[in-house]
Amino acid sequence: MGTLVEITVSEKDKTEIENIKSEIERLSEFVKEETNKINVAGKNEKVVVDKRFIDLLKKGGYFHDISQGRFDITIHTIMKLYGFPEGPYKVPSRSTLDQFSSYIGFENLIINENFVIKKSDFTIDMGAYAKGWIVDEAINFMKSRSIKNGIVNAGGDLYCLGDKNGDGWKIGIQHPDDKEKVISVLKLVNKAVVTSGDYERFFIENGKKYIHIFDAKKKETADNYKSISVIADSVEMADGLSTVYFLLNPQEIRSLCDKLKTPVLIYHLNGNIEKLCGWEKFEVN
């Protein structure tokens, strides 16, 4: 998965930790292999993929639509030119950007029941929500092993299973400028919370900050907020929406989170904190 995974369970369930880790590794490899099939395929080539992966691709279409095209898994075509996700980082030339920009667009991915066709030479990356899907599947695996309480945290993609014997799980939201501080403390029961921020992966060149979140409409890095945190029923949804909301203006976020019933915490570039759609209901002192 390319990130540190922390698993919290009760003492009696600790024997299952290695099984949970194995399941996460298996799912991570599945996503990696299916993604690679598409990325190495040529234009107009038929690529047979797993039905579960088809569902993941369709979820990418959902996030694309609700963001008015700002969220797009084919933006990886541009992101990798900058060196994301792992580096080395650099700003590509304008001519290179213009060439590769013509390839992107979710509409260039034709999705069928068990295969896809690329209408241009793009590459995809579903890291903005596939990691969340993996955590959700790990939680389902835990439930199948009769685990009633626990946390899976994959680098900030976090799900709280159960009520911790009536106490609820206390989760702190990291301050984007100081990892030793929190900007909110939540009490969660059977809920997911995910944060996307400009401090996770970035580089600075000629005074400009380039982060790992890209706006597919502008075809450039986003600089709208310091961080966006989202509470949802699934980690996949919280994961995808934390990126979608990062690409929207505050009014658009307010409208969409109200419609989707997903509480949001915005940490603005100027340091102001904005809580939307019932975030405070989950907070504790």
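Helices (DSSP runs of H or I, at least four residues) and strands (DSSP runs of E, at least two residues) are numbered from the N terminus. The model is predicted, so local features are given only at pLDDT of at least 70 and side-chain atom pairs only at pLDDT 80 or more, while totals for chains, interfaces and linings use all residues. Residues are numbered from 1 along each chain as its sequence is written, and side-chain values use heavy atoms, with hydrogens and water left out.

**View 1. The loop around Lys164, between two strands.** Lys164 lies in the loop that runs between strand S6 (157–161) and strand S7 (169–175). The phi angle of Lys164 is near 55 degrees, which is a positive value in a residue other than glycine. Most residues other than glycine have a negative phi, and most peptide bonds are trans. Lys164 counts as partly exposed because its relative accessibility is 38%, where buried means under 20% relative accessible area, exposed means over 50%, and partly exposed lies in between (1.4 Å probe, protein chains only).

**View 2. The whole protein, as a setting for the close-ups.** The secondary structure of the protein comes to 7 helices and 16 strands, and the C-alpha atoms fill a box of roughly 55 × 45 × 35 Å when taken along the principal axes. For 285 residues a compact globule would have a radius of gyration near 19 Å, and the 19 Å of this protein agrees with that; the radius is taken over C-alpha atoms, and the globule rule is 2.2 Å times the number of residues to the power 0.38. Of the 285 residues, 52% count as buried. Among contacts (heavy atoms within 4.5 Å) between residues at least 6 apart in sequence, 63% join residues at least 24 apart.

**View 3. Aromatic rings around Phe84 and Tyr89.** Rings of Phe, Tyr and Trp (its six-membered ring) count as a pair if their centres lie within 6.5 Å, and the pair is stacked if the planes are under 30 degrees apart, edge-to-face if they are over 60, and tilted otherwise. By this rule the count comes to 15 aromatic pairs. One of them joins Phe84 and Tyr89 in a tilted arrangement, 5.0 Å centre to centre and with 45 degrees between the planes. Phe84 counts as buried because its relative accessibility is 3%, whereas Tyr89, at 30% relative accessibility, counts as partly exposed. The rings of Phe100 and Tyr103 have centres 5.5 Å apart and planes at 75 degrees, so this pair is edge-to-face. Tyr82, Phe84, Tyr89, Phe203, Tyr210 and Phe214 form one aromatic cluster.

**View 4. Cys277, in the segment after strand S16.** Cys277 has its place in the segment after strand S16 (273–276), and its phi is near 55 degrees, a positive value in a residue other than glycine. With a relative accessibility of 27%, Cys277 counts as partly exposed. Leaving aside residues up to four places away in sequence, Cys277 touches Arg254, Cys257, Asp258, Thr262 and Pro263. Asn206, by comparison, is 71 residues from Cys277 in sequence and 38 Å from it in space, C-alpha to C-alpha.

View 5. Val116 lies in strand S4 (residues 115–118) and is buried, with a relative accessible area of 0%. Apart from residues up to four places away in sequence, the residues that Val116 touches include Ile38, Val47, Val49, Ile54, Leu57 and Ile110, as well as Glu45 and Lys46. The C-alpha atoms of Val116 and Tyr210 are separated by 32 Å, and these two residues are 94 residues apart along the chain.

**View 6. Ser146, in the loop between H5 and S5.** Ser146 lies in the loop between helix H5 (130–144) and strand S5 (150–154), and with 47% relative accessibility Ser146 counts as partly exposed. Although Ser146 and Asp13 are 133 residues apart along the chain, their C-alpha atoms are separated by 8.9 Å.
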